[in-house]
Number of protein chains: 4
Amino acid sequence: MVRVVILGQGYVASIFASGLEKIKAGKMEPYGVPLGDELPIKIRDVEIVGSYDVDASKVGKDLHDVVKAYDPDAPESLKGITIRKGIHLGSLRNLPLKAVGLDDEMTLSEAVEHLVEEWKELKPDVIVNVCTTEAFVPFESREELERAIAEDRKDRLTAVQVYAYAAARYAKEVGGAAFVNAIPTLIANDPAFVELARESNLVVFGDDGATGATPLTADVLSHLAQRNRKVLDIAQFNIGGNNDFLALTDKERNRSKEFTKSSVVKDLLGYDAPHYIKPTGFLEPLGDKKFIAMHIEYVSFNGAHDEIVITGRINDSPALAGLLVDLVRLGKMAVEKKAFGTVYEVNAFYMKNPGPKEKPNIPRIIAHEKVRMWAGLKPRWL
Amino acid sequence: MVRVVILGQGYVASIFASGLEKIKAGKMEPYGVPLGDELPIKIRDVEIVGSYDVDASKVGKDLHDVVKAYDPDAPESLKGITIRKGIHLGSLRNLPLKAVGLDDEMTLSEAVEHLVEEWKELKPDVIVNVCTTEAFVPFESREELERAIAEDRKDRLTAVQVYAYAAARYAKEVGGAAFVNAIPTLIANDPAFVELARESNLVVFGDDGATGATPLTADVLSHLAQRNRKVLDIAQFNIGGNNDFLALTDKERNRSKEFTKSSVVKDLLGYDAPHYIKPTGFLEPLGDKKFIAMHIEYVSFNGAHDEIVITGRINDSPALAGLLVDLVRLGKMAVEKKAFGTVYEVNAFYMKNPGPKEKPNIPRIIAHEKVRMWAGLKPRWL
Amino acid sequence: MVRVVILGQGYVASIFASGLEKIKAGKMEPYGVPLGDELPIKIRDVEIVGSYDVDASKVGKDLHDVVKAYDPDAPESLKGITIRKGIHLGSLRNLPLKAVGLDDEMTLSEAVEHLVEEWKELKPDVIVNVCTTEAFVPFESREELERAIAEDRKDRLTAVQVYAYAAARYAKEVGGAAFVNAIPTLIANDPAFVELARESNLVVFGDDGATGATPLTADVLSHLAQRNRKVLDIAQFNIGGNNDFLALTDKERNRSKEFTKSSVVKDLLGYDAPHYIKPTGFLEPLGDKKFIAMHIEYVSFNGAHDEIVITGRINDSPALAGLLVDLVRLGKMAVEKKAFGTVYEVNAFYMKNPGPKEKPNIPRIIAHEKVRMWAGLKPRWL
Amino acid sequence: MVRVVILGQGYVASIFASGLEKIKAGKMEPYGVPLGDELPIKIRDVEIVGSYDVDASKVGKDLHDVVKAYDPDAPESLKGITIRKGIHLGSLRNLPLKAVGLDDEMTLSEAVEHLVEEWKELKPDVIVNVCTTEAFVPFESREELERAIAEDRKDRLTAVQVYAYAAARYAKEVGGAAFVNAIPTLIANDPAFVELARESNLVVFGDDGATGATPLTADVLSHLAQRNRKVLDIAQFNIGGNNDFLALTDKERNRSKEFTKSSVVKDLLGYDAPHYIKPTGFLEPLGDKKFIAMHIEYVSFNGAHDEIVITGRINDSPALAGLLVDLVRLGKMAVEKKAFGTVYEVNAFYMKNPGPKEKPNIPRIIAHEKVRMWAGLKPRWL
């Protein structure tokens with residue numbers, strides 16, 4: 001069994017919860033779950049045991065009620081879990097939501113203590129972070145991180161950083177746990193957190209779940225690189241209508257997203273082709289099904305100029321939710337293997353910004369084979 | 001040095017010749033040549049020593065003059081090679097061209113003899129076939145093939161089949177040679193030819209150079225397969241204005257093309273998703289820069305439906321011509337390694353329909369790593 | 001009140017019936033109905049009084065049951081009309097359906113008599129033809145048409161031609177009626193039928209309802225023409241999964257469609273720019289929501305080359321069904337105005353191939369203003 | 001003859017000059033010039049007599065040399081005109097260019113005087129403004145405008161506002177002239193300038209030349225509106241690599257552009273469908289050939305949801321330059337007709353933001369017919 005605690009019961013977490021229960025009940029195929037039911041830990045063994053949020057309209061509600069707002073077909077089996085109060089540290093700033101958090105009532109040290117105590121009751125194997133994208137500054141130094149917590153630096157720390165810190169404390173006490181960071185805040189790419197994790201029996205996967213246009217761009221760029229075509233320029237737009245896009249209209253948050261994605265180009269092509277890759281805007285009626293557009297121009301043999309345009313409508317939340325079904329199981333497996341710190345083989349396929357910091361993006365098609373091998377499965381094509 | 005003879009001095013062969021000379025002269029980067037100058041045999045070591053065609057307006061002309069019609073910047077270094085008369089067997093049927101061939105003047109056995117004698121003078125290491133797409137029936141049985149030649153069955157054999165037969169005869173006499181089949185006629189996928197090649201010291205690469213939309217489709221489908229997304233349907237159109245598209249308006253030729261491409265879907269997805277993948281039409285002003293359009297619909301996690309559309313303008317001939325710069329060098333390497341018969345590791349990356357017959361399509365990104373390893377190069381990402 | 005009889009109770013007619021009833025019941029906005037409720041005859045005044053088909057599985061069934069197969073939300077108000085047996089004359093040939101028709105049991109003259117008698121009971125003001133696309137040869141001469149009926153030439157006539165003939169006979173007897181031909185068979189463009197209609201108090205609208213990519217292409221081409229941009233080439237594909245696309249895989253039917261659409265280019269640009277515009281293929285999972293793709297290349301000022309690509313997913317049947325809600329009301333109005341024969345002002349906006357024969361396509365945006373004025377409405381922008 | 005003075009000798013003005021001379025010399029067809037040679041004033045009668053700029057590297061240079069940087073095929077006939085120093089008022093701020101202007105050396109009143117004197121020598125019939133997009137605040141009150149000039153308010157006025165003011169002064173002195181404002185600064189939409197123009201014998205055309213994706217969007221939206229389809233959302237991106245896109249990365253300038261374009265949606269649909277329409281970014285290698293992408297979602301009959309995507313590569317400067325060839329001739333015609341103030345019939349087709357202020361956008365296809373009629377030509381389709 002894999003016991004899961006969710007941080008941020010928004011769109012992604014709700015689709016994750018709903019789809020997971022439908023698959024467990026045999027009502028739905030595990031489409032969108034990369035490793036399907038090939039792993040030694042089966043999908044039916046995943047259990048959500050707790051959930052946290054900071055939206056005042058969610059805290060204290062039953063999980064089933066919250067999920068239902070995102071998926072009218074939410075299964076009844078989600079009943080019985082109450083959404084607990086988490087940490088916000090301003091993460092809902094500029095969103096049309098009222099935020100409530102432990103940090104409104106106590107110091108950060110106390111909040112960490114509070115979370116660790118709750119988790120010791122809930123006994124999660126894996127803690128999944130799918131909070132709203134936040135503006136952040138990485139720590140790099142573990143000492144600075146510890147000091148910021150101790151000194152209650154609410155201006156310096158973000159919700160995710162505090163959650164990750166609490167997860168490390170919890171893992172240390174119980175002997176092992178995993179923290180899956182599916183949003184852009186650098187955790188698996190912040191040496192401070194990786195070091196802390198390694199010494200605390202924590203596995204960290206991250207950062208920023210590899211969904212949307214970016215993994216596809218990655219494979220298309222690899223395709224061009226392998227034919228030695230010279231990429232002249234890359235433009236990539238995406239526009240959506242969910243809360244994540246709304247949050248990204250906030251300049252600072254947008255910048256953190258931008259940072260993540262741009263490294264892909266150089267990693268895969270071997271040179272930094274001029275590119276414009278950013279979330280572009282918010283358009284409410286698009287809802288969770290974003291519109292993407294991509295334009296790539298390159299030089300082929302004998303100086304010929306070619307052009308490719310990719311457009312699409314892609315459901316944002318299910319794409320990430322499907323990955324989480326793998327990630328929680330891989331998290332438990334990593335704990336069993338005592339692979340504390342972070343696991344590049346997992347991150348390289350599942351994350352836009354695969355930690356640790358010094359590691360590059362590689363073509364997803366190859367990363368997929370590597371994670372299969374790491375998990376003890378036969379590669380599919382190698 | 002790699003001595004090359006060309007069969008079919010059309011658009012692809014002319015761009016190959018022109019681009020090759022420009023790279024050799026240091027006037028152009030080897031963009032579009034997948035392995036660039038990483039191979040032990042360098043691009044500057046490739047030399048075109050002969051060329052054949054069956055278009056009455058080309059036979060007897062200087063190579064430079066013919067290439068110039070396709071590329072006004074054709075280098076002077078192409079001067080001095082005279083286009084020789086090849087075999088047509090009706091391969092220009094329905095095209096607005098006057099065909100002349102050895103088969104108009106002699107039996108097929110005599111034509112084979114004639115070619116082998118010429119090649120013994122020209123001493124090619126590699127014979128590259130880039131004739132016009134033809135309607136054909138594979139042989140499967142080597143005995144039947146030999147009998148068809150002996151009985152002068154001009155109705156049963158196609159130009160490419162006779163060329164490949166002659167190449168085997170030549171290889172046997174000189175101790176080794178390679179035949180690169182870049183068009184759809186099954187050679188590397190016809191057990192009759194593979195067996196013949198193996199016993200004649202001939203290396204065969206084939207079939208149908210992997211250019212255009214199909215390799216990209218392959219990598220996009222692999223991308224979806226690895227996320228366990230359920231593909232509902234695939235539509236792929238392409239329309240162009242060069243002679244190859246004109247030839248494909250001929251029903252029977254079109255069918256041979258269709259056959260090749262469709263296998264991709266099942267090989268990569270693991271199931272035969274409904275698809276419509278065929279060359280669609282001829283539109284003269286598009287010239288060699290075809291327009292492609294692709295639509296893919298799939299199911300993601302929790303039953304979500306996504307859609308991707310890819311469109312593009314792609315130069316047809318340079319895409320294949322760039323691959324030939326690798327293939328002739330890999331051909332020579334294969335002869336040196338005595339890898340007679342066919343080489344799947346090479347075909348899997350460079351060919352739409354990689355021989356031998358029983359072998360599947362695999363994601364190109366992975367095939368690329370395999371051919372690197374076969375060629376003694378370090379894989380790029382594995 | 002407008003009493004309507006339907007010929008061909010397939011996808012289009014069923015969506016027409018279903019949507020019409022929903023609008024009448026106030027449950028749906030009249031989106032997709034160009035003139036909405038601006039006409040003097042209101043949507044609530046349209047009544048379906050009879051329906052014909054030749055699919056053995058539909059004849060004798062209740063309209064509500066048939067419509068339900070296409071739209072699960074079919075309103076109950078459709079109950080009580082029984083599908084009657086029509087004429088097929090091979091129009092379902094090559095489709096996976098069993099056809100039954102009056103023409104199986106009697107001569108064409110008898111069948112016409114039979115229909116006229118039934119219509120005299122049903123008292124339609126407007127007869128709407130939305131049969132499956134058929135292969136046909138226009139008559140041009142009225143004498144030849146009359147003779148073909150008289151001589152029971154089942155090989156020469158198509159179902160639509162016999163229906164239109166019967167409509168003229170009916171109109172003559174009752175003093176006035178309208179026949180809306182929404183499929184490619186030439187009726188409003190066949191001088192034989194226009195003359196017959198004029199003398200029989202019949203109004204004919206046709207031919208081929210202007211839906212799908214073609215009207216959009218028309219407006220885009222007009223846009224370019226008005227900027228004096230020189231169009232170099234136009235490629236337009238569309239692929240769908242409904243019965244109409246299946247029918248068009250039949251070569252002969254496809255040709256009739258092709259003929260219709262190609263005239264657009266010359267009419268709007270003033271010259272016949274090279275183009276490839278045809279229904280491209282059948283792909284079952286796309287269902288009624290076809291995929292379209294269009295590529296246009298043109299020269300702008302100072303010799304600059306531009307390119308536009310349009311792709312889309314468009315519901316085929318609702319697009320035409322919405323036009324029918326206008327056309328039946330305009331048909332009744334034309335009868336009241338005694339505009340017998342055909343009405344170009346109506347056809348120019350609603351039809352791909354606007355009759356009469358000698359009349360051109362014009363930009364739809366302008367045609368729209370013209371039909372408004374014909375109907376006594378204020379133009380919107382003129 | 002139409003004597004033309006250019007303000008802002010950048011990409012657009014240079015392509016205008018180059019293409020104009022090529023057409024005059026019979027070396028090029030007038031593609032991209034909407035009215036071609038149908039107007040009573042012929043293209044060969046247009047003469048460039050002066051040009052102004054504020055880029056230090058252009059002022060004092062020969063026109064031919066400047067044009068050549070944008071079009072290597074610039075005709076020799078452009079020799080002999082020296083670029084004069086104009087006004088900048090910070091309009092090149094944030095661009096990698098050194099600005100020099102009359103406003104560096106004298107008061108605004110003196111600069112106006114200086115320009116009027118020069119124009120009295122050059123004797124332009126039409127002054128064409130194609131400066132870089134600038135951040136601006138409209139005046140609305142003529143009194144405030146006059147006061148700002150008198151008080152030398154260099155912080156309040158922009159270059160275009162001063163140029164337009166000078167044009168009015170010039171027109172008053174010489175009895176008539178035209179000012180074509182092809183950039184977003186509101187002139188024909190600023191009542192202060194329209195009133196001033198009317199009283200000064202000045203014709204003003206404006207504002208913001210209707211090129212790029214917006215006029216196409218306008219016609220596509222009209223197409224949907226005329227079918228009564230309910231537009232759910234519109235997203236439109238465009239990204240380019242010329243100086244105009246670079247200038248728009250500046251937040252304030254971008255906002256002025258945004259303002260212009262958004263009015264289109266409500267004017268054409270009759271309701272303000274949610275939309276995201278803005279210039280999106282700068283990507284240098286795209287050069288003057290921008291990439292556009294547009295996504296429109298709408299409801300058709302019976303509640304069906306359709307989607308259209310338009311992408312394209314469009315040369316930015318030639319599109320506007322071609323319009324200028326008409327506008328200068330129409331400007332002269334308007335002066336002859338004494339149509340002082342502004343002319344909506346002209347603006348409605350040629351401008352994104354057609355003045356006067358209270359006038360709406362209409363479908364371009366209809367606007368085209370209206371301008372034809374205004375110019376005494378037969379409408380094409382009405």
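How many salt bridges does the structure hold over all chains? The total is 92. A salt bridge here is a side-chain nitrogen of Lys or Arg within 4 Å of a carboxyl oxygen of Asp or Glu.

This is a predicted model, in which local features need pLDDT of at least 70, side-chain atom pairs count only at pLDDT 80 or more, and totals for chains, interfaces and linings use all residues. Residues are numbered from 1 along each chain as its sequence is written, chains are lettered from A and ligands numbered from 1 in the order in which they are written, and side-chain values use heavy atoms, without hydrogens and water.

**Salt bridges**

| Pair | N to O distance |
|---|---|
| E173(A) and K120(A) | 2.7 Å |
| R156(D) and E144(D) | 3.5 Å |
| D155(D) and R153(D) | 3.2 Å |

The pair E173(A) and K120(A) links distant parts of chain A. E173(A) sits in helix α5 (residues 159-174) and K120(A) in helix α3 (residues 108-122), 53 residues apart. Helices (H or I, at least four residues) and strands (E, at least two) are DSSP runs, numbered from the N terminus. E173(A) is partly exposed at 43% relative accessible area. K120(A) is partly exposed too, at 32%. Buried means under 20% relative accessible area, exposed over 50%, and partly exposed in between (1.4 Å probe, protein chains only).

In chain D, R156(D) belongs to the loop between α4 (142-150) and α5 (159-174), while E144(D) belongs to helix α4. These two residues are 12 apart. R156(D) is buried, with a relative accessible area of 15%. E144(D) is partly exposed at 30%. In the remaining tabulated pair, D155(D) is exposed at 63%, and R153(D) is partly exposed at 31%.

Chain A also has a network of salt bridges, which links R142(A), E146(A), E195(A) and E199(A).

**Helix packing in chain D**

The axes of α4(D) and helix α6 (residues 191-199) come within 8 Å and cross at roughly 85°. Axes are lines fitted to C-alpha atoms, for helices over the stretch in contact, and angles run from 0 to 180 degrees between N-to-C directions. From α4(D), the contact involves R142(D), L145(D) and E146(D). From α6(D), it involves A192(D), F193(D), E195(D), L196(D) and E199(D). Contact means heavy atoms within 4.5 Å. By class, this contact has 4 nonpolar, no polar and 4 charged residues.

An open sheet of 8 strands runs in the order β8(A)-β7(A)-β9(A)-β10(A)-β10(B)-β9(B)-β7(B)-β8(B), with mixed pairing. Two strands pair if DSSP finds at least two bridges between them. The edge strands are β8 (275-282) of chain A and β8 (275-282) of chain B. Each pairs on one side only. The twist averages 10° from one strand to the next.

Between the chains, β10 (residues 305-315) of chain A pairs with β10 (residues 305-315) of chain B in the antiparallel sense, over 7 bridges. There, V309(A) has T311(B) as its bridge partner.

Helix α10 (residues 316-336) of chain A lies across β9 (289-299) and β10 of chain A, at about 85° to β10(A). In chain B, helix α10 (residues 316-336) packs on the sheet and touches β9 (289-299) and β10. Its direction makes about 85° with that of β10(B).

Conventions:
Ala, Val, Leu, Ile, Met, Phe, Trp, Tyr, Cys and Pro count as nonpolar, Asp, Glu, Lys and Arg as charged, and the others, Gly among them, as polar.
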